Amino acid sequence: MIVIKNGRIHDAVHEEPYTGDILVEDTMIQAVGSHLDIPEGAEIIDAEGMDVYPGFVEAHCHLGLEEYGIGYEGMDINELNDAVTPQMRGIDSINPLDPTFEKAVMAGVTCVGTGPGSANVLGGTFTAIKTVGHCVDDMIVRDPVAMKCAFGENPKNCYKDKSIYTRMTTASKLREALFKARDYQARKEAAGGDVLKMPAYDFKMESLLPVINREMPLKAHAHRADDMLTAIRIAKEFNVKLTLEHCTEGHLIADKLAAENYPLAVGPTLTHATKFELRNKSFKTPGILANAGCQVSIITDSPVIPQEYLPMVAGLAVKAGMKPFDALKAITINPARHLGIEDRVGSLEVGKDADIVIMNGSAFDSLTEAVHVLVNGKLVK
């Protein structure tokens, strides 16, 4: 049992921080409030003068799939033999022993949504995991959380000599896969359990059934405004769930995105504009979208930006005009909602996982350090 005493609590629920205590028992938060009774034998962490946050959450990264300091032999992020690979599972490429995990958790990033890259029209499933552990199966919060798909330049550049030359082709391949999955499901249902009438097993189509049945969203890589709108168009055509990832030009269509009300993950912004479709990137984007009423998460897209700098890039969004509370939610409860794991992580509330970060100042200050980090109720720093 651990009691965090007298910290300045930023719970991601109330806009204003307050001084209080947090009682942790086993893996969960048991109480949050002022002057809590301290159970006998409890370990006490004196947080007076320090800021206490929920463990930071990343909605979209590739942690563990593109390894640190290795090069191409550590690249397990994109399957480049086929542009349509929904049967891939990001969890099968994650190396939890990669040093990027320790860097992440030491900075207070305790949970991430990680999975395949954006080379393919359909790349496979993302998973939500904690950043502490040696066995990925023991780190899972929820698997799968989404089916990765991609629009824009990446599929074109990766497959321009094989099968994709325009944005029209990318969209058509996604539509074709969804049409086939819908037809495959209809044939299975029509068979009524009769094995002799069932369609031949199709691994790709089976992998898309949770999308067709609205059990998990498409996770759409889209930088340009038109690519975001294409993703929305297709999601509506097939009545599937959708989250929009990167949203580099989101500020150009903020009102439209607010009206559509899909979860948005914005970033990575702390990088050079290496492609034409990134020319409008700005740290003003998350603030503009939040002000318009959108659910905004800020992302590193690690390793594009190292995972440990997630709170720092949220601070840069604040510097560019984002409200501090919106920025806090963008790296805590909003990404938890984005991933469908808000019942477990993203805020300091009774009954949630005891993922807690105690810092020697504001999380948005690049000079601030995480003094203590708890994951699942265990002190890891």
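Glu-153, Lys-156, Arg-167, Asp-227, Lys-275 and Glu-277 are linked in a network of salt bridges, a salt bridge being a side-chain nitrogen of Lys or Arg within 4 Å of a carboxyl oxygen of Asp or Glu. The model is predicted: local features need pLDDT of at least 70 and side-chain atom pairs count only at pLDDT 80 or more, while totals for chains, interfaces and linings use all residues. Residues are numbered from 1 along each chain as its sequence is written, and side-chain values use heavy atoms, with hydrogens and water left out.

**Salt bridges**

Searching the whole structure gives 23 salt bridges. Three of them are listed here.

| Pair | N to O distance |
|---|---|
| Arg-167 and Glu-277 | 3.3 Å |
| Arg-175 and Glu-237 | 2.8 Å |
| Lys-329 and Asp-326 | 3.8 Å |

The side chains of Arg-167 and Glu-277 meet in a salt bridge. This pair links distant parts of the chain, with Arg-167 in helix 3 and Glu-277 in the loop between strand 12 (264-266) and helix 7 (285-291), 110 residues apart. Both Arg-167 and Glu-277 are buried (buried is under 20% relative accessible area, exposed over 50%, partly exposed in between, with a 1.4 Å probe and protein chains only).

A salt bridge also joins the side chains of Arg-175 and Glu-237. Here too distant parts of the chain are linked: Arg-175 belongs to helix 3 and Glu-237 to helix 5, 62 residues apart. Arg-175 is partly exposed at a relative accessible area of 22%, and Glu-237 is partly exposed at 38%.

Lys-329 and Asp-326 are 3 residues apart in helix 9 (residues 324-329), so about one helical turn separates them. Lys-329 counts as partly exposed at 21% relative accessibility, whereas Asp-326 counts as buried at 16%.

**Helix 3**

At the start of helix 3, a side-chain oxygen of Thr-166 comes to within 3.3 Å of the backbone nitrogen of Met-168.

**Helix 4**

In helix 4, Met-205, Ser-207, Leu-208, Leu-209, Val-211 and Ile-212 are buried. Their cover includes strand 8, strand 9, helix 3 and strand 10. Just after helix 4, Arg-214 takes a positive phi of about 60°.

**Aromatic rings**

The whole structure holds 3 aromatic pairs. In one of them, the rings of Phe-179 and Phe-238 have centres 4.8 Å apart and planes at 70°, so the pair is edge-to-face (rings of Phe, Tyr and Trp, the last by its six-membered ring, pair if their centres lie within 6.5 Å; planes under 30 degrees apart count as stacked, over 60 as edge-to-face and the rest as tilted). Phe-179 in helix 3 and Phe-238 in helix 5 are 59 residues apart. Phe-179 is partly exposed, with a relative accessible area of 44%, whereas Phe-238 is buried, at 5%.

Notes. Polar contact = N/O pair within 3.5 Å; in protein donor to acceptor, adjacent residues only side chain to side chain. Helix = DSSP H or I, 4+ residues; strand = E, 2+ residues; numbered from the N terminus. Contact = heavy atoms within 4.5 Å.
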